[in-house]
Amino acid sequence: MDRRRFLQTSAGGAAVAALWPFGMSRAASGTTDTPDSVAGIPLGVAFDPAPFSLGVASGDPLADAVILWTRLAPSPLAGGGPLPETVEVSWTIALDPDLNIVVRQGTTTAAVRSAHSVHVDVDGLEPATTYYYRFSALGATSRLGRARTAPIGSVDHLRFAFVSCQDFQAGSYAAYRALAGEDLDFVLHLGDYIYEYPADPGAYRSHIGGETTTLDDYRNRYALYKGDPALRDAHAAFTWICTWDDHEVVDNYAGTNPPGAPPSPEFEARRANGYQAWYEHLPVRLPGGAQAGAGSFPIHRRFQLGDLLDLSVLDTRQYRSDQPCGDNTGNCAGSLDPNATMLGADQEAWLLDNLSTSTAAWRGVAQQVMMAQLKLGGLPDRFRLPEALGRLRQAGEGVTVNHDQWDGYAAPRRRLLSHLADNAIPDVVVLTGDIHSHWVADLKVDFDGRRSPPIATEFVGSSITSTGFPKGSNLALKTIVPHTNPHIRFVEGERHGYAIADVTPERWETTFRTVGDITNPTSPVVDLAAFQVMRGRPRAIRVR
Ligand code: FE
Ligand code: CA
């Protein structure tokens, strides 16, 4: 049965919330038979029953295929094991939640070299169809998951969420609790799924151990994050499309450059550890699998959602040149370097070709760091700024404040935006994470040219939890940002949550949904603002 019809046959929204997640996670929440349940489990962590302690996930939807994921981990916070070197895992996918109308089933092998994770690429499926799936192994059965394939042909509506930045220590996953009850075609994760930071006993809830560097460190960190039942519920509820940002390895790394240091064999090994653990814990379709290698681990990929949306999912970390200007705030010549690259030559050519050849109504670009120019400064003296923003009180046209975002890579940004303008490529929407705050911006070839027309739109979603601008920044931000950035149409710096994209052939609408109290795991979410872009008119207009 089609998911929409399935939802329609239930009696309204409350019934939908009651239906999903089918009681499985509620039964699992607070009860676990894993050794890690004994003591010291951080706030909000309760695993599913072993060995499926980390739940299930689906990802990378095609019209006829989807990835089904799980990882066997009886001891999730301590390396996963003990388990045999290989374990046979069987899977079933069906049209109904009772798994009576079985469509496909099979077995696969979970092996120690991939942390007993499995990625089953189930094909032969029907487009735009909702499925239900379950794994079993070692005499146990996983929770139920729900997956949805991509549509094909004429599509009149898509609704998906985009999320980023879920620092476990910064707050609860109330956003995921709410998201799991949404009606969505898929979820897009734009990176910072984990943070490498060491344990902070003063935080809302603490990581375990030091800064992550080894493969085991990263694996245990993913397992800790997946210990939050709300995150597992959100994975089980929807098919996700995931990319990474910096914290899956380390804050603000660039290509093979660790922050503040030259490339080294040590960093290449660390990066490979982070990449491998990312793959092992997410439902991603990668031909090379977990051992794709330290040298290159290509994850940029393209998804066709019928004739409505052509989605290019980027990796702005792995191939970029080092941040200019020592990654400091302030205007500097390095940010204009024509040899700088954000995507690397291959990915950049791939993206420009995707944009040129797409015949979909909308071209989506899912990526990590803010593309719109952001200059702060010129704030009149009468405005008081929080200490952390005080350095931005500078006269004139303002200064670029973050060379980790596209502002540090002005030449490749201009190449991309000029490509859209020169080839009259319409209806491009860029979706961004990274900066833990909400932004809406018109993208232009020349951000300083008042007569340079908008040619695309950027929506930056805030974090699930990660800390944004300091408390009290909003008044200053809402005043200072329009002053030096007339192309920026909205900013909100202190709230967290997720964004919903509701897309039709006529218009793209993005709604920012924010959590009332990040310290309350059951906090509801409310609509903060909604913006629309009409086809052929790349100028975001606030509608709510
Ligand atoms: Fe982040
Ligand atoms: Ca980031």
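## Metal site

Donors are taken here as N, O and S atoms within 2.8 Å of the metal, or 3.2 Å for Na, K and Ca, and since water is not among the atoms, sites may look incomplete. On that basis aspartate 192 bridges the calcium ion (ligand 2) and the iron ion (ligand 1), which lie 3.7 Å apart. The protein donors of the calcium ion (ligand 2) are Asp192 (OD), Asp245 (OD), Asp246 (OD) and Asp434 (OD), at 2.3 to 2.6 Å from the ion, and the spacing of these donor residues in sequence is D-x52-D-D-x187-D.

## Basis of the model

This is a predicted model, in which local features need pLDDT of at least 70 and side-chain atom pairs count only at pLDDT 80 or more, while totals for chains, interfaces and linings use all residues. Residues are numbered from 1 along each chain as its sequence is written, chains are lettered from A and ligands numbered from 1 in the order in which they are written, and side-chain values use heavy atoms, with hydrogens and water left out.

## Overall fold

The protein chain holds ten helices and 24 strands, these being DSSP runs numbered from the N terminus (helices H or I, at least four residues; strands E, at least two). Of its 544 residues, 61% count as buried. Among contacts (heavy atoms within 4.5 Å) between residues at least 6 apart in sequence, 70% join residues at least 24 apart.

## Helix 8

Helix 8, residues 344–357, has 14 residues and reaches 20 Å from its first C-alpha to its last, close to the 20 Å expected at 1.5 Å a residue, the expected span being 1.5 Å times one less than the number of residues. Its buried residues are Gly344, Gln347, Glu348, Leu351, Leu352, Asn354 and Leu355. Seen down the axis of helix 8, these buried residues fall within an arc of 155°, so they line one face of the helix; the arc is that of the directions from the helix axis to the C-beta atoms.

The buried residues of helix 8 pack against strand 12 (301–305), strand 13 (309–313), strand 14 (362–366), helix 9 (410–422) and strand 17 (428–432), whereas Ala345 and Asp346, on the other side of the helix, are exposed.

## Strand pairing

Strands are said to pair if DSSP finds at least two bridges between them. Strand 3 (residues 86–94) runs antiparallel to strand 4 (residues 102–111), to which nine bridges join it, and valine 87 stands opposite alanine 110 in strand 4. Strand 3 also pairs with strand 6 (residues 130–137) in the antiparallel sense, over five bridges, with arginine 134 of strand 6 as the bridge partner of threonine 92.

## Two buried residues

Threonine 70 belongs to strand 2 (residues 66–71) and is buried, with a relative accessible area of 1%. A polar atom of the threonine 70 side chain lies 2.8 Å from the backbone oxygen of glycine 55. Leaving aside neighbours within four places in sequence, threonine 70 is in contact with Phe52, Gly55, Val56, His116, Ser117, Val118 and Phe135.

Isoleucine 455, by comparison, lies in the loop between strand 18 (438–443) and strand 19 (456–460), and is buried, with a relative accessible area of 15%. Its C-alpha atom is separated by 7.3 Å from that of aspartate 442, 13 residues apart along the chain. With neighbours within four places in sequence left aside, the contacts of isoleucine 455 include Leu417, Leu420, Ala421 and Pro538.

Key:
Buried means under 20% relative accessible area, exposed over 50%, partly exposed in between (1.4 Å probe, protein chains only). A polar contact is a pair of N or O atoms within 3.5 Å; within protein, one must be able to donate a hydrogen and the other to accept it, and residues adjacent in sequence count only if both atoms are side-chain atoms.
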